[in-house]
Amino acid sequence: MFSPGSKLKPWLRTYGVVLLGAAILSFGLYNIHEQTSITEGGVLGMTLFLQHWFGLSPSITSPIMDIACYALAWRFLGNAFAKYAVVASLAFAAFHRLWEAFPPLLPDLSGHPLVAAVLGALFVGVGVGLVVRIGGACGGDDALALTISHLSKWPIARCYLLTDLTVLALSLSYIPFTRIFFSLVTVSISSPVIGWIQSVGREEAVDEARPEEVPPVR
């Protein structure tokens, strides 16, 4: 017989965390990153790199890279990842569309790029951290970092930092360092925040959860 206490509450809690993470991430990207032109590296930075040097449109390269990252993560993390990733991606798109219906809700920080870089990093770190804590992903960047972490046993923060710094280093071939600097600040803060959110209290959660409820992420 169905038991609300054993089935409904864990289900609501899990997807509630995914929705909250997607909402926080999309809010930060729309209200800070997009308004101040501070990027996070990753897939977005790689699409711009390919466009500049090879003339490939981001409309083509972005979905290809996202799909490839998701397929790779699905291969190693299984169906649980795919389920949470689909929900997180759809939620991110829906929340981002919601924020776009309103003017920016935060003050314009274009004149204070360092403040924007730090504040934006916190939104990204908390939002992405909540989603990957469950075992999902909001984009190809998250899926790739989760896969690297799973295969290498590295902390998730190191994986995010590795992928972002790689793309930002490539971007130096056509973007001045003065513009890249604030992106470096952002990824240097967001990566450890993601790692902390993803791991804090995890041992206690694993002990209390049933095996099938534990996300397949180390």
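I began with Ser57, which is partly exposed because its relative accessible area of 29% falls between the limits for buried (under 20%) and exposed (over 50%), with a 1.4 Å probe and protein chains only. Ser57 is found in the loop between α2 (42-54) and α3 (58-77), where helices (H or I, at least four residues) and strands (E, at least two) are DSSP runs numbered from the N terminus. I also looked up its distance to Thr47, 10 residues away along the chain, and the two C-alpha atoms are separated by 7.6 Å.

Before going on I noted the ground rules: this is a predicted model, in which local features need pLDDT of at least 70 and side-chain atom pairs count only at pLDDT 80 or more, while totals for chains, interfaces and linings use all residues. Residues are numbered from 1 along each chain as its sequence is written, and side-chain values use heavy atoms, with hydrogens and water left out.

Rings came next. I found eight aromatic pairs in the structure, a pair being two rings of Phe, Tyr or Trp (its six-membered ring) with centres within 6.5 Å, called stacked if the planes are under 30 degrees apart, edge-to-face if over 60 and tilted for the rest. Phe95 and Trp99 form a stacked pair, at 6.2 Å centre to centre and 20° between the planes. Both lie in helix α4 (residues 79-100), four residues apart, which is about one turn of the helix. Phe95 counts as partly exposed at 24% relative accessibility, whereas Trp99 counts as buried at 16%. I then turned to Phe177 and Phe181, a tilted pair with 6.3 Å between centres and 55° between planes; they are separated by about one helical turn because they are four residues apart in helix α8. Ring pairs also link Phe27, Phe95, Trp99 and Phe123 into a cluster.

For charges over rings I used the criterion of NZ of Lys or CZ of Arg within 6 Å of the ring centre and within 35 degrees of the ring normal. Arg75 lies over the face of Phe76, 5.1 Å from the ring centre, and the charged end of Arg158 sits over the ring of Trp154, 5.3 Å from its centre.

Which residues form a nonpolar patch on the surface? I listed Leu114, Val118, Leu119, Leu122, Leu172, Phe177 and Phe181, with about 570 Å² of accessible area together. The elements giving two or more residues to this patch are α5 (113-134) and α8 (177-199), and α5 gives the most, with four. Patch members have over 30% relative accessible area and no salt bridge, nonpolar side chains (Val, Leu, Ile, Met, Phe, Trp, Tyr) being joined within 5 Å; a salt bridge is a side-chain nitrogen of Lys or Arg within 4 Å of a carboxyl oxygen of Asp or Glu. Leu122, found in helix α5, is partly exposed at 38%, as are Phe177 at 48% and Phe181 at 36%.

Last, the overall make-up. I counted nine helices and zero strands, and buried residues make up 41% of the 218 residues. Among contacts (heavy atoms within 4.5 Å) between residues at least 6 apart in sequence, 76% join residues at least 24 apart. The protein exposes about 11,400 Å², of which carbon and sulfur atoms supply 70%, with areas from the Shrake-Rupley method and a 1.4 Å probe.

Technical notes
Patches are made of residues with over 30% relative accessible area and no salt bridge: like charges are joined within 9 Å, nonpolar side chains (Val, Leu, Ile, Met, Phe, Trp, Tyr) within 5 Å.
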